[in-house]
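Please look over the sequence and the structure below before reading on. The briefing that follows begins with a single residue and then widens to the chain.

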Amino acid sequence: MEYAIKKLKQDEVVLMKKIKGLQDGKPKWAASAQLDEIRSAIKLLERYENITEQDLEDEDEYLKQVFE
């Protein structure tokens, strides 16, 4: 999982730089939405990597919060 998380964080940086260079409008908003998805994926993978037995019980509630 470490490689996937590292790759997504690199993609996050690249996308942030791209957003800074864009003017306001649909392309910037679309890139911003993609950035939000990447950040959600990073959070999920990091959580999955550090999950414990107790966390498994609360997983459904956590996933609801992440995707809202």
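Glu12 lies in helix H1, where helices (H or I, at least four residues) and strands (E, at least two) are DSSP runs, numbered from the N terminus. This is a predicted model, in which local features need pLDDT of at least 70 and side-chain atom pairs count only at pLDDT 80 or more, while totals for chains, interfaces and linings use all residues. Residues are numbered from 1 along each chain as its sequence is written, and side-chain values use heavy atoms, with hydrogens and water left out.

**Glu12 and its surroundings**

- Glu12 counts as buried because its relative accessibility is 16%; buried means under 20% relative accessible area, exposed over 50%, and partly exposed in between (1.4 Å probe, protein chains only).
- Leaving aside neighbours within four places in sequence, Glu12 is in contact with Leu35, Ile38, Arg39 and Ile42, where contact means heavy atoms within 4.5 Å.

- Helix H1 spans residues 2–21, and its 20 residues reach 29 Å from the first C-alpha to the last, close to the 28 Å expected at 1.5 Å a residue; the expected span is 1.5 Å times one less than the number of residues.
- The buried residues in H1 are Ile5, Leu8, Glu12, Leu15 and Ile19.
- These residues lie on the same side of H1 because they cover an arc of only 85° around the axis, the arc being that of the directions from the helix axis to the C-beta atoms.
- The buried residues of H1 pack against helix H2 (26–49), whereas the face turned away from the buried side carries the exposed residues Glu2, Tyr3, Lys6, Val14, Lys17, Lys20 and Gly21.

**The nonpolar core**

- Nine residues form the largest nonpolar core, namely Ile5, Leu8, Leu15, Ile19, Ala31, Leu35, Ile38, Ile42 and Leu45; such a core is a set of buried Ala, Val, Leu, Ile, Met, Phe, Trp, Tyr and Cys residues joined through side-chain atoms within 4.5 Å.
- H1 and H2 each supply at least two residues of this core, and H2 gives the most, with five residues.
- Leu15, leaving aside its neighbours within four places in sequence, is in contact with Ala31, Gln34, Leu35 and Ile38.

**The whole chain**

- The secondary structure of the protein chain comes to four helices and zero strands, following the pattern α-α-α-α along the sequence.
- The C-alpha atoms fill a box of roughly 45 × 25 × 10 Å, taken along the principal axes.
- Of the 68 residues of the protein chain, 21% count as buried.
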